[in-house]
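Subject: Structure handover

Hello,

Please find the structure below. My notes on it follow.

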Amino acid sequence: MAKKRVYVESSVISYLTAKPARNELNTMRQRQTVLWWERRHEWDCVVSAIVMAEIVRGDPGAAARRLETAQSLVKLPALPEAALLARLLLSHELVPESVGADAAHLAIAAVHRADYLLTWNQKHLDNLHLRSRVEDFIRKQGWRPAMVITPERLLLEEPT
């Protein structure tokens, strides 16, 4: 049986490689991310060029840690279908223009048939108020949306 595909969004890599957090929520997220990372071999884990571009921003030392971590993940090729779907998500105002990369993550995960989109971004990606509208739209475009999920929740899912 094939492993389920997990599209790893940049917030997960950031939590994984960040210095120890000072608040309880971020400390919990870091712990859950590390636990998931230790089990990542149970899934087919992938990233995109968008993820790679996001993780190299900011503090050079932190960016280097993020980049080194992401090197072990499979890089998906850019596909015109994903770019089109991302533009449609933006033009239909399902994702704000200001966070166009989030539309790209959703589109890339769908077009590359990821089972999960792993993220800690709960404002635009793992947003309960928008999720069903975004998923319905992606389906209407002929794609199966990836289940947007946090590392904590994925650890509770059955792998493969």
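**A buried loop residue**

T150 counts as buried because its relative accessibility is 2%; buried means under 20% relative accessible area, exposed over 50%, and partly exposed in between, with a 1.4 Å probe and protein chains only. T150 sits in the loop between β5 (147-149) and α8 (151-154). Helices (H or I, at least four residues) and strands (E, at least two) are DSSP runs, numbered from the N terminus. Leaving out residues up to four places away in sequence, T150 touches L118, T119, W120, Q122 and D126, where contact means heavy atoms within 4.5 Å.

**Basis of the model**

This is a predicted model, in which local features need pLDDT of at least 70 and side-chain atom pairs count only at pLDDT 80 or more, while totals for chains, interfaces and linings use all residues. Residues are numbered from 1 along each chain as its sequence is written, and side-chain values use heavy atoms, with hydrogens and water left out.

**The chain as a whole**

The protein chain has eight helices and five strands. Along the sequence they follow the pattern β-α-α-β-α-α-β-α-α-β-α-β-α. The radius of gyration of the protein chain is 15 Å, close to the 15 Å that the globule rule gives for 160 residues, so the chain is as compact as a globular protein of that length. That radius is taken over C-alpha atoms, and the globule rule is 2.2 Å times the number of residues to the power 0.38. The C-alpha trace spans about 40 × 40 × 30 Å along its principal axes.

Of the 160 residues, 47% count as buried. Among contacts between residues at least 6 apart in sequence, 75% join residues at least 24 apart. The chain exposes about 8,600 Å², and carbon and sulfur atoms supply 55% of this area; accessible areas come from the Shrake-Rupley method with a 1.4 Å probe, and for residues only the protein chains shown count as cover.

Helix α1 (residues 10-17) is mostly covered, with seven of its eight residues buried. The buried residues of α1 are S10, S11, V12, I13, Y15, L16 and T17.

**Cavity and pocket**

Rolling a probe the size of a water molecule over the atoms shows where empty space is left. The search uses a 1 Å grid over the protein atoms alone: a cavity is a set of points where a 1.4 Å probe fits but cannot get out, a pocket is an open set with protein on both sides within 12 Å along at least five of seven lines, and lining residues have an atom within 4 Å of a point. Grid points are joined across faces, edges and corners, and a volume is the space filled by probe spheres set on the points.

Searching the whole structure turns up one cavity of 30 Å³ or more. The largest cavity holds about 100 Å³ of space. Its lining has 14 residues, and L106, L125, R131, V134 and V148 lie nearest the centre. Two or more lining residues come from each of α6 (100-111) and α7 (128-140), and α7 gives the most, with five. By class, the cavity lining has 10 nonpolar, two polar and two charged residues. Here Ala, Val, Leu, Ile, Met, Phe, Trp, Tyr, Cys and Pro count as nonpolar, Asp, Glu, Lys and Arg as charged, and the others, Gly among them, as polar.

The largest pocket contains about 210 Å³ of space. Its lining has 17 residues, of which I50, A78, A82, A104 and I108 lie nearest its centre. At least two lining residues are supplied by each of α3 (49-55), α5 (80-91) and α6. Helix α6 gives the most to this lining, with five residues. The pocket lining divides into 14 nonpolar, three polar and no charged residues.

**Exposed residues and backbone angles**

Most residues other than glycine have a negative phi, and most peptide bonds are trans. E93, although not a glycine, has a positive phi of about 55°. E93 is placed in the loop between α5 and α6 and counts as exposed at 67% relative accessibility. R113 is likewise not a glycine and has a positive phi of about 55°. R113 lies in the loop between α6 and β4 (116-118), and is exposed with a relative accessible area of 59%.

K140 is found in helix α7 and counts as exposed at 71% relative accessibility. C-alpha to C-alpha, K140 and R57 are 34 Å apart in space, and they are 83 residues apart in sequence.

Regards
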